[in-house]
Amino acid sequence: VAMLRGAGVLAQSALCQGWLTDAGVAAARLLLSAPARFAPARVRCHAHGGRVVAFRELLRRVLAMHALARDHHMTISELALRFVVHSPGATSALVQVRSATQLAELVARDVSAPLPLACHAALVAMAAAPSDDGAGLVHGEGARVWHWGVPTPRRCVEAAVRRGVHAHSCGALVAHALGGG
């Protein structure tokens, strides 16, 4: 509709609040490898009326998207940006960075080419469910790849550390998940 009216579309949070970055992947690995008390099965979103979502499933999807990106010889951030930038009607993508280094890395990514067809199809399939008749895929309320308002990777890892995840036993993963490399 926006395209037909000559309006631009801004894709907000193209990197899913940092989850579709290397630090987000590190956070997902850390939180999924920790006991459940450090990464709850469900979290309440800040948006969508405080909807409760299956958090560990979202973390598994981050890792699945990372594997898909790696299979197609790109970073998870590049995969996300290429998907958003080449979505029909999208005219801009909004991303947030915490440092000049992150900005330089994002600007250096070549997102001018659309995703390979197989990669794009796999991403679409992640956000869909089989149709009732089994003839195809449908998008539904519960089949979102991400939910707006889920806490950022940094907040989740900081909460896990406060709950007692031992930074000394997995210090490099914690540091990477917090953006420290």
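Before looking at any pair of helices, I noted that axes are lines fitted to C-alpha atoms, for helices over the stretch in contact, and that angles run from 0 to 180 degrees between N-to-C directions. I also noted that helices (H or I, at least four residues) and strands (E, at least two) are DSSP runs, numbered from the N terminus.

**Entry 1: the model.** I am working with a predicted model, in which local features need pLDDT of at least 70 and side-chain atom pairs count only at pLDDT 80 or more, while totals for chains, interfaces and linings use all residues. Residues are numbered from 1 along each chain as its sequence is written, and side-chain values use heavy atoms, with hydrogens and water left out.

**Entry 2: the chain as a whole.** I found 7 helices and 6 strands in the protein chain, and along the sequence they follow the pattern β-α-β-β-α-α-β-α-α-β-β-α-α. Of the 181 residues, 36% count as buried, where buried means under 20% relative accessible area, exposed over 50%, and partly exposed in between (1.4 Å probe, protein chains only). The accessible surface of the protein chain comes to about 10,100 Å², and 58% of that surface belongs to carbon and sulfur atoms; the areas come from the Shrake-Rupley method with a 1.4 Å probe, and for residues only the protein chains shown count as cover. I then looked up contacts (heavy atoms within 4.5 Å), and among those between residues at least 6 apart in sequence, 69% join residues at least 24 apart.

**Entry 3: α1 against α2.** How do the axes of helix α1 and helix α2 cross? The axes of α1 (residues 22–33) and α2 (residues 55–71) come within 9 Å and cross at roughly 130 degrees. The two helices are therefore oblique to each other, since angles under 35 degrees count as roughly parallel, over 145 as roughly antiparallel, 65 to 115 as roughly perpendicular and the rest as oblique. I looked up which residues meet, and found G24, V25, A28, R29, L31 and L32 in α1 against F55, R56, L59, R60, V62, L63, H66 and R70 in α2. The residues of this contact of α1 with α2 divide into 8 nonpolar, 2 polar and 4 charged, with Ala, Val, Leu, Ile, Met, Phe, Trp, Tyr, Cys and Pro counted as nonpolar, Asp, Glu, Lys and Arg as charged, and the others, Gly among them, as polar.

**Entry 4: H66 in α2.** I looked at H66 separately, a residue of helix α2 that is buried, with a relative accessible area of 15%. Not counting residues up to four places away in sequence, H66 touches V25, R29 and I76.

**Entry 5: α2 against α5.** Helix α2 also packs with helix α5 (residues 117–126), at an angle of about 170 degrees and with the axes 11 Å apart, and α2 and α5 are therefore roughly antiparallel to each other. R61, A64, M65 and L68 of α2 make the contact with C119, A122, L123 and M126 of α5. The residues of the contact of α2 with α5 divide into 7 nonpolar, no polar and 1 charged.

**Entry 6: from α2 to α3.** In the loop between α2 and α3 I found H73, which counts as exposed at 75% relative accessibility. Phi of H73 is near 60 degrees, a positive value in a residue other than glycine. I noted this because most residues other than glycine have a negative phi. T75 is found in the loop between α2 and α3 and counts as partly exposed at 23% relative accessibility. Leaving aside neighbours within four places in sequence, T75 is in contact with A69 and R109. The C-alpha atoms of T75 and L20 are separated by 9.1 Å, although these residues are 55 apart along the chain.

S77 is found in helix α3 (residues 76–85) and counts as buried at 7% relative accessibility. Which residues is S77 in contact with, leaving aside its neighbours within four places in sequence? They are L15, L20, T21, L106 and R109.

Entry 7: C16 is found in the loop between β1 (9–11) and α1; C16 is buried, with a relative accessible area of 16%, and its phi is near 50 degrees, a positive value in a residue other than glycine. A90 lies in strand β4 (residues 90–93) and is partly exposed, with a relative accessible area of 21%. A90 and L10 are 80 residues apart in sequence and 6.3 Å apart in space, C-alpha to C-alpha.
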